[in-house]
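Please read it alongside the sequence and the coordinates.

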Amino acid sequence: MVYKSFDELIEKVKGYSSIKRMAIAAAGERHTLEAAFHARKEGVARPVLVGDEAEIRRIMKEMGEEVPDEDIYPAADNKEAAELAVSLVREGKADFLMKGYLDTGVILKAVVNKEQGLGKGGVMSHFTMFDVPGYHKILVPVDGGMVTYPTLEQKKAIIENTVDTLIAMGYDCPKVGVLACVEKVNSKMPETVEAAELARMNRDGEIKNCIVEGPISYDCAVDGEIAKLKGYESRIAGDVDVLVAPNIHAGNIMGKMLTCTCKAKMAGFVVGAKCPVVLTSRGSSAEEKFLSIVVSAAASN
């Protein structure tokens with residue numbers, strides 16, 4: 001199966017037999033709490049709030065919202081809030097983690113802590129989903145937020161993280177395009193060489209549960225007619241699920257192009273840890289935060 005829209009995914013998550021609990025580090029921020037209570041109202045997730053208790057209660061009062069006292073965990077500062085939220089997940093008191101109003105570095109430091117964190121010893125990467133007007137299903141560009149200049153092995157790990165997440169969300173066999181500006185291998189373009197090697201790994205069973213092709217250009221990946229015109233033979237052209245960027249700059253630019261110019265809706269979180277970690281920007285809208293909660297709940301099912 002695949003998801004054609006976020007609305008479809010929301011309905012799927014609302015149908016789960018149990019509601020996931022999310023620990024929110026530094027929860028005292030209005031957009032974060034709006035997203036959290038929207039998720040609770042929709043039956044998507046139950047918020048567990050960590051941070052400045054007075055500020056959390058002040059904002060909740062303004063919003064006319066409440067949570068049980070046992071779902072508020074006071075913390076003296078953002079560092080303590082991050083560490084406490086991580087510990088709640090580690091102890092089984094929450095199913096996934098969400099960043100509130102604090103720097104990304106603070107929460108990631110708590111997540112990757114070798115003794116008390118949520119790392120699994122491998123690569124962590126940024127997973128994003130976009131509901132793009134003009135494309136027939138959800139699009140998953142990676143990685144525009146975590147791994148700066150991924151090596152071949154890191155690209156393999158990014159694909160595996162992404163595919164494992166999609167499988168957990170109900171996908172059968174995600175279609176993965178490894179992007180470059182051309183469709184042929186050119187020894188002077190290492191991105192094309194690595195793309196072909198990743199496709200070879202997939203054919204040989206080293207990368208499982210998906211179809212990987214590359215190098216493939218963006219236009220061929222999302223438009224089968226363009227692929228035909230270019231003579232690009234493909235099992236995924238025009239129907240790709242995952243777009244693997246050659247580096248963080250390309251991934252980040254692609255994501256911002258889709259949201260700012262194409263008016264796509266976006267959701268994202270970090271994968272490769274013991275649970276999803278919602279890491280939206282402090283300036284993200286309540287809708288983006290809500291959608292990120294939805295996809296994290298789906299991935300932690």
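**Salt bridges**

The model is a predicted one. In total, 26 salt bridges are found in the structure. In general, side chains of opposite charge can pair when their charged atoms come close.

| Pair | Distance, N to O |
|---|---|
| K14 and E11 | 3.4 Å |
| R40 and E65 | 3.0 Å |
| R200 and D204 | 3.0 Å |

The pair K14 and E11 lies within helix 1 (residues 6-14), where the two residues are three apart and therefore separated by about one helical turn. An α-helix has 3.6 residues a turn, so residues three or four places apart point the same way. K14 is partly exposed, at 33% relative accessibility.

The salt bridge of R40 with E65 has its closest N and O atoms 3.0 Å apart. R40 belongs to helix 2 (residues 30-41), whereas E65 sits in the loop between helix 3 (53-63) and strand 3 (72-74), so this pair ties together parts that are 25 residues apart in sequence. Both partners are partly exposed: R40 has a relative accessibility of 29%, and E65 has one of 27%.

In the salt bridge of R200 with D204, R200 is partly exposed, with 25% relative accessibility. Salt bridges with shared partners also connect R30, E34, E55, R58 and E62 in one network.

**Cysteines**

How many disulfides does a search of the whole structure find? The search returns zero. For C181, the closest cysteine sulfur is that of C220, and the separation of 12 Å is too far for a bond; a disulfide would require the two sulfur atoms to be within 2.5 Å. C181 is exposed, with a relative accessible area of 61%, whereas C275 is buried, with a relative accessible area of 6%.

**Helix 6**

Helix 6 covers residues 152-168, a run of 17 residues. From its first C-alpha to its last, helix 6 reaches 24 Å, close to the 24 Å expected at 1.5 Å a residue. Which residues of helix 6 are buried? They are K155, K156, A157, I158, I159, N161, T162, V163, T165 and L166. Just after helix 6 comes G170, which has a positive phi of about 115 degrees.

Terms used:
Residues are numbered from 1 along each chain as its sequence is written. This is a predicted model: local features need pLDDT of at least 70, side-chain atom pairs count only at pLDDT 80 or more; totals for chains, interfaces and linings use all residues. Side-chain values use heavy atoms; hydrogens and water are left out. A salt bridge is a side-chain nitrogen of Lys or Arg within 4 Å of a carboxyl oxygen of Asp or Glu. Helices (H or I, at least four residues) and strands (E, at least two) are DSSP runs, numbered from the N terminus. Buried means under 20% relative accessible area, exposed over 50%, partly exposed in between (1.4 Å probe, protein chains only). The expected span of a helix is 1.5 Å times one less than its number of residues.
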